[in-house]
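Thank you all for making the time this morning.

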Amino acid sequence: MKKNWIILGLGVLLVFIGVGWTLQGIDVMKGSAMSGVTLWAVVGPIVAIAGVVLLGVGFSRRRRVSR
């Protein structure tokens, strides 16, 4: 059960990091060396999608365990 919360927490963290990197990459969040760099506009959504997948895994395990 504890491991499930780690997976959910990691998923949320990856989503937030991925969204932040994406916003910096497309130059919405300014003031960083990452601002306006295409690499972060590509890597950010990939990291965010990985976070969403982890959230899906965590929630499906949570449902399965609680039954």
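This is a predicted model: local features need pLDDT of at least 70, side-chain atom pairs count only at pLDDT 80 or more; totals for chains, interfaces and linings use all residues.

Let me begin with A41, which touches W21, G25 and I26 when residues up to four places away in sequence are not counted, contact here meaning heavy atoms within 4.5 Å. A41 has its place in helix α2, where helices are DSSP runs of H or I with at least four residues, strands are runs of E with at least two, and both are numbered from the N terminus. With a relative accessible area of 23%, A41 is partly exposed; by the convention I am using, buried means under 20% relative accessible area, exposed means over 50%, and partly exposed lies in between, with a 1.4 Å probe and protein chains only. From A41 to G18, C-alpha to C-alpha, the distance in space is 9.2 Å, although the two residues are 23 apart in sequence.

Residues are numbered from 1 along each chain as its sequence is written, and side-chain values use heavy atoms, with hydrogens and water left out.

Now to the overall picture. The protein chain has 2 helices and 0 strands. Its radius of gyration, taken over C-alpha atoms, is 15 Å, well over the 11 Å that the globule rule gives for 67 residues, so the chain is more spread out than a compact globule; the rule itself is 2.2 Å times the number of residues to the power 0.38. Along its principal axes, the C-alpha trace spans about 45 × 15 × 15 Å. Of the 67 residues, 25% count as buried, and the chain exposes about 4700 Å², of which carbon and sulfur atoms supply 73%, with areas computed by the Shrake-Rupley method with a 1.4 Å probe and, for residues, only the protein chains shown counting as cover. As for how the chain meets itself, among contacts between residues at least 6 apart in sequence, 59% join residues at least 24 apart.

Let me turn to helix α1, which covers residues 2-25. At 1.5 Å a residue, the 24 residues of α1 should span 34 Å, and the end C-alpha atoms are 35 Å apart, which agrees; the expected span is 1.5 Å times one less than the number of residues. The buried residues of this helix are N4, I7, L8, G11, G18, G20, T22, Q24 and G25. T22 counts as buried at 19% relative accessibility, and, leaving aside its neighbours within four places in sequence, T22 is in contact with W40, G44 and P45.

Which residues make a nonpolar surface patch? L10, L13 and I17 make one of about 240 Å², patches being made of residues with over 30% relative accessible area and no salt bridge, with like charges joined within 9 Å and nonpolar side chains (Val, Leu, Ile, Met, Phe, Trp, Tyr) within 5 Å. I17 is partly exposed, with a relative accessible area of 30%.

Helix α2 runs over residues 38-66. Within α2 lies A48, which counts as buried at 14% relative accessibility.

Just after α1, D27 takes a positive phi of about 70°, in a residue other than glycine. Side chains of opposite charge can pair when their charged atoms come close. How many salt bridges does a search of the whole structure find? The search finds 1, a salt bridge being a side-chain nitrogen of Lys or Arg within 4 Å of a carboxyl oxygen of Asp or Glu. The side chains of D27 and K30 meet in a salt bridge at 3.3 Å, N to O. D27 is partly exposed at 32%, whereas K30 is exposed, with a relative accessible area of 62%.
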